Amino acid sequence: MALKAELQDHLFRLLVEGVQDYAIFLLDPSGHVQSWNAGAQRIKGYRADEIIGRHFSLFYPPEEARRGKPEYAMRTALEAGRWEEEAWRIRKDGTRFWANVVLTALFDGRGRHVGFAKVTRDLSERKRAEEERARLLELERGARTQAETALEQLRAIQVVTEAALAHLELDSLLGTLLDRVSEVLSVDTVAILLLDENEQVLVPRATKGLEEEIEAGIRIPLGHGFAGRIAAERQPIVLEDVEHSDVLNPIVREKSIKSLLGAPLIVRGRVLGVLHVGTLYYRRFTETDVSFLQIVADRAALAIEHARLYETTRLAREEAEAALRAVQLRDEFLSTAAHELKTPVTSLRGFAELLLRVSERGGELEPARYQRAVQTIYRQAGNLARLVTQLLETSRLDSDRLELDHEREDLTRLVRRAVEQARIQTERHEITLAAPPELWAEVDAFRLEQVVTNLLDNAIKYSPEGGRIEVELSQPAPGWARLSVRDEGLGIPADQQAHVFERYYQAHATSHRSGLGLGLYLSRQIVERHGGRIWAESADGKGSRFVVEVPACATPERRA
Amino acid sequence: MCDAGEAGMSGARRLLVVEDDDSIRQMMEMVLESEGYQVTTATNGAMALAALSRERPALILLDMKMPGVDGWEFARRYAELPAPKPPVIVITAAQDASRRAAEIGAQGYLAKPFSIDQLLQVVEAHLARA
């Protein structure tokens, strides 16, 4: 048993001495080193023969040794049985290491204090690892924040780019840009000023929070003030203290904007204007803010350029189309006019030649034929005169030279004259007239007779089957004269009624030869220039009624 | 080369005038009749085709712009009728009367406004050729 115990003792000493990772050694009750193991030598640097017998306070940093920390440790271990700490310790070469130290009081079988066991672990590696980890964590956190900021800006730029691409129309584009920029930069005001290249001034075009700018008609000369300098210098400018700066815009001051950041809108080297943002509190705009605003400004400039090009193209295309339509309309009109003029001339000339030929040969046409020839000549001469008048009047209207010649006229007489003329035109229609004995008005008799004649011509033309045409002149109210012409003809389809007074419009253009398409257009112009109005009432296939109202003399003038 | 059997219904001096304008149609009718022609009149293409099914004129004088079946439509249907067919003279107020005639394969044209002499010359020239 004794041998066995001795062996165990020996093995145990070997174990302790062999441990590399821990310094395990004994102190006598006063703190002097009694034993030393391999771990102690490795960690602290002393060989056993150098350290045994020395006081363990040698391992403490001098200031702690002076303050009596080793004694305090021993006392505590003695009282509590055990004392532990993590703290700095000193190696033989004077370097420090972070250590975990456990000091245990040892007692013999009789309870006598015989010394201390000390176990020290070098935690430098762990501490370094922890510090490194903390540093890495900090780095990672920073990187993540940076990444998030970058991502956010990227998203903002994307939003701006999408807005720039989505809107071809300048106003909606600028509106969207303002919203996005104010969101992303968390600012109180955003303004886009565009450069008027002729005048070399910046004019506010779209704003958020500075709406008064546009209303006030602010104009900022290039090179002056905040925005003017940005445009002239082609550089972003930060104004952290607006109050003590050269800002010209009175609205910015009135709104007590504290800080401003602006960037030029440049596309292909050309300055289009300025984009600026402002805050109602003092703000230190960062370099990131500045470069972000410049990126936004670059995209905005490109989008503005696109919108302008699109607008220019659209306008040019519309103008070209309108011009083409005008030319087409004129060509069609000229061809119609030529046709309409040649038709009466053909029969007029033919009948006139026939009469001449017959008389030259000493012959005679039979009475019915003679009458038809002369009547046609008379009628077609009238038609020709009317067409020529219409053309002339239209040309006068176009050049604004249609001047009315107002005179006191008896409308009853005027209308009767027109009705009698119309009766000569047709044999198939019965034209009736209901009118007061006289009705006086201040009118241009020649023009107003044109209107009446035109309405009668239409009534005849658009009731090819013949029938009654009722003409009525009345005074619907004191100071007003009303003429209505009603026929039993084709009528006007509902969808065309709004257009019959338009120039060149022909309701039955495909089915009937219908003149120049100027009659009702001219009639309306003439009536309206008399301070009156004209309208049509019709049901398709059931005839039409055209009504004209013009101011008349309140009391009929009796002729002596 | 007229078919003698149909002499009663047709003749070297029978003409068909297709024109919607009353004044021009009446003028042409009167002028041509005073020169001894027999004139059938129609106010549109449909009436003209109907007239052709009844009689056989030596020449057709055709206006182009007419309501209903106009000159172009008439020419299309006329082309489908069996030969031999009388020649067609186009009467038009258009600037390029000769092109109108070419469009529908007509043999001649007369531009409005025409003189009586022009009308009679065109008619005589085509009748002599036929």
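In the predicted model, 57% of the contacts in chain A between residues at least 6 apart in sequence join residues at least 24 apart. Chain A holds 15 helices and 17 strands. Of its 560 residues, 32% count as buried.

One open sheet of chain A is built from six strands, in the order β7-β6-β5-β10-β9-β8, with antiparallel pairing. Its edges are formed by β7 (220–221) and β8 (237–239) of chain A, each of which pairs on one side only. Within this sheet, strand β5(A) is joined to β6(A) by seven bridges, and the two run antiparallel; A:Ile192 stands opposite A:Ala206 in β6(A). The hairpin of β5(A) and β6(A) has four residues between the strands, and in this hairpin A:Gln200 adopts a positive phi near 55 degrees. Strand β5(A) also pairs with β10(A), again in the antiparallel sense, over six bridges, and here A:Val190 faces A:Val277 in β10(A) as its opposite residue. Seven of the eight residues of β5(A) are buried, and the strand is therefore largely enclosed by the rest of the structure. A residue is counted as buried when 20 or more other C-beta atoms lie within 10 Å of its own.

Elsewhere in chain A, helix α14 (residues 445–461) comprises 17 residues. From its first C-alpha to its last, α14(A) reaches 24 Å, close to the 24 Å expected at 1.5 Å a residue. Because 13 of the 17 residues of α14(A) are buried, this helix is largely enclosed by the rest of the structure.

Strand β14 (residues 467–474) of chain A contains A:Ile469. This residue counts as buried because A:Ile469 has 26 C-beta neighbours inside 10 Å. Apart from residues up to four places away in sequence, A:Ile469 touches A:His429, A:Ile431, A:Ala459, A:Val485 and A:Asp487. A:Ile469 and A:Glu430 are separated by 39 residues in sequence, yet their C-alpha atoms are 6.0 Å apart in space.

The contact between chain A and chain B involves 21 residues from chain A and 18 residues from chain B. On the side of chain B that touches chain A, helix α1 (residues 22–34) of chain B gives the most, with eight residues. By residue class, the side of chain B that touches chain A consists of ten nonpolar, four polar and four charged residues.

Key:
Residues are numbered from 1 along each chain as its sequence is written. Chains are lettered from A and ligands numbered from 1 in the order in which they are written. This is a predicted model: local features need pLDDT of at least 70, side-chain atom pairs count only at pLDDT 80 or more; totals for chains, interfaces and linings use all residues. Two residues are in contact if their C-beta atoms, placed from the backbone, lie within 7 Å. Ala, Val, Leu, Ile, Met, Phe, Trp, Tyr, Cys and Pro count as nonpolar, Asp, Glu, Lys and Arg as charged, and the others, Gly among them, as polar. A residue is buried if 20 or more other C-beta atoms lie within 10 Å of its own, exposed if 12 or fewer, and partly exposed in between; C-beta atoms are placed from the backbone. Two strands pair if DSSP finds at least two bridges between them. The expected span of a helix is 1.5 Å times one less than its number of residues.
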